[in-house]
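User: I'd like to learn how to read helices, domains and chain contacts from a model. Can you walk me through this one?

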Amino acid sequence: MSAETPKYRRSFIVLIILLVVCFITNINLGSIKIPIKDVFGSFFGTVENTTSQFLILDYRLPKAITAILIGSGLGISGLLMQTLFKNPLAGPFVLGISSGASLGVAFVILGSGIFGGVFASALVSKWGIIIAASLGSFLVLLAVLTVSSKIRDTMAILIIGLMFGSITAAVVSVLSYFGSAEQLQQYIFWGFGSLSNLSWSELLIFSIIYLLGVLLSIISIKNLNSLLLGDNYAKSLGINLKQSRLIIIIATSLLAGTITAFAGPIAFIGLAIPHLTRQLFKTSNHKILLPAVFLYGAIVMLICDSIAQVPTTDYTLPINAITAIVGAPVVIWLLVRQRKMVF
Amino acid sequence: MSNIKEHIVLKVKELSIGYKTKKVETVVASNLNFDLQQGQLIGLVGANGIGKSTLLRTLTKVQNPLNGNITINGKEIQKLSTIDLAKQLSLVLTEPLVAKNLSVYELVALGRQPYTNWIGNLSPKDQSIINVALEQTNILDLKDKKCYELSDGQLQKVMIARALAQDTDLIILDEPTTHLDMYHKAYVLKLLKQLTKTTNKTILFSSHEIDLAIQLCDTMIVMSKDNVQCNTPKQLISNGTFEKLFPQDLITFNDKTGSFRVSK
């Protein structure tokens, strides 16, 4: 496999350059036009225009970094789930992580009327929503893990995750039924997903958990490659099936869970990025796929975000809509062109 | 065998196999005793549903024995960790590959997993072992092909190469000849025979190709309803073991030719 790496070196270099270009472009574009000179200037503190420096450093830069973390994180967790469940339809949310988060947020936003008063307004704050989403996804995941620890068949875990998803979705719809129009709107807006309005301190917490998830994914590379042969072969190669499955699931939930907590349920990216990557890197080897998915995810997310903010206008479209509108046709086109899906 | 000092690779003692739920114990076969010598090709045969798979699953630690013990190179498999067992025993299973997007080389290289570091880097030694495995199975020219481009026969050779790369004393194959045409059935079994000679590994396979197994195996394990016999094919024929394998109103065994015939 080490003999394989040079073959992909050029693709990696191209992707890294593309990532840097997208990153700069993403920061450069926005409702207010800032010359590219000032963009670099604000990085090094040599720009005179303090408004644009403020805009770049406290608004656009954290947003661009958030985009990178979200794109790569969702891509990686999608890859982990597709390999673990040996199913090309699996994504980061198959374990019910996003529905858990939705449930938490729904309780806070839609159920806030029940608590009433000051307590309610504290809950509906940004941190309140982040904590509710984390708690929700964590609880659903815990339930899935508890049930799945009793189960040997990996496929059953997939179905259990989907079932928990259905249950939470049902509870959310009951809550929505009783919610006021205003609350509903707020909940729907959360569901659109958003990359902006993360402060540096929030970003710090986000990145720490993200790094932990990525670290666990890197540790799992060897086990993921064994899993490509199927569970029984993996076991015969000396893999501790239960333990490595647990690590993979924890990595996914750390990544997908925090991303959902901080940015809302971002659809599509987690499912599509691994497939897009496999079209370019024709391999199943995770030592190549994992960094490739990282780069791909980050680039696609930056592009989607650049489109979503509709440069030079004041509009910002929901990021969730853009990822699917831009991404889905690309995946369809790739699959039609290749005539078969490599997995 | 020309080996003066014979070495027992797999030793099975008073083994009972079957399934255990909370209340009921279903015994599939009991009181199994056999030793498998180094460098031998062993065929496991028996009618459908007689418990071949259960035996193989027990030998490979997929399920626990009801009783008795199994030792590989003197070590009890129940006490071996998965990683240590992986260095003693490699498998070729019937289950289909999950990811067919792997190249042949990558797939065979996965056989080195028990020996590689945390991220799975291949040392020069690993690479040379992989190349030897590819050579021994005559698939060097397929090295860069993707698994979805292979025929069933080629894929089976690749899976055998992977097991060889795992560098274990014992290789167990579960019905390696299903889905193969007559030529490839003979080819794969002949290849296994050759490998026992060139690598001195012990290879155990289950099969329904009794005719071929009789011709090629050093030892055969014959499972029937009443008992399990382990002996040389010649001895088993003169014992009349094969005659009792299937109901005789339909199939009879000819001990001169060593083959089965449908009774007319």
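User: Let's start at a helix end. Which residue follows helix 9 of chain A, and what is its phi?

Analyst: Keep in mind that this is a predicted model. Helix 9 of chain A is followed by A:Gly193, with a positive phi near 85°.

User: And the helix before that residue, how do I read its length?

Analyst: Compare its end-to-end reach with what the residue count predicts. Helix 9 of chain A covers residues 181-192, twelve residues, and its C-alpha atoms span 17 Å from first to last, close to the 16 Å expected at 1.5 Å a residue.

User: Which residues of helix 9 of chain A are buried, and why do they line one face?

Analyst: The general idea first: an α-helix has 3.6 residues a turn, so residues three or four places apart point the same way. Here the buried ones are A:Gln183, A:Tyr187 and A:Trp190. Seen down the axis of helix 9 of chain A, they fall within an arc of 55°, so they line one face. On the other side, A:Ala181, A:Glu182, A:Gln185 and A:Ile188 are exposed.

User: What covers that buried face?

Analyst: The cover includes helix 4, helix 7 (126-149) and helix 8 (154-178) of chain A. Helix 4 of chain A is itself mostly covered, with 13 of its 14 residues buried.

User: Now chain B. How is it divided into domains?

Analyst: Domain 1 takes 1-88 + 168-264, and domain 2 takes 94-167. Their C-alpha centres lie 25 Å apart. Where they touch, domain 1 of chain B gives 16 residues and domain 2 of chain B gives eleven. On the domain 1 side, helix 2 and helix 6 (182-199) of chain B each give two or more residues, and helix 6 of chain B has the largest share, five residues. By class, that side has eight nonpolar, five polar and three charged residues.

Key:
Residues are numbered from 1 along each chain as its sequence is written. Chains are lettered from A and ligands numbered from 1 in the order in which they are written. This is a predicted model: local features need pLDDT of at least 70, side-chain atom pairs count only at pLDDT 80 or more; totals for chains, interfaces and linings use all residues. A residue is buried if 20 or more other C-beta atoms lie within 10 Å of its own, exposed if 12 or fewer, and partly exposed in between; C-beta atoms are placed from the backbone. Helices (H or I, at least four residues) and strands (E, at least two) are DSSP runs, numbered from the N terminus. The expected span of a helix is 1.5 Å times one less than its number of residues. The arc is that of the directions from the helix axis to the C-beta atoms. Two residues are in contact if their C-beta atoms, placed from the backbone, lie within 7 Å. Domain bounds come from an automatic or database domain assignment. Ala, Val, Leu, Ile, Met, Phe, Trp, Tyr, Cys and Pro count as nonpolar, Asp, Glu, Lys and Arg as charged, and the others, Gly among them, as polar.
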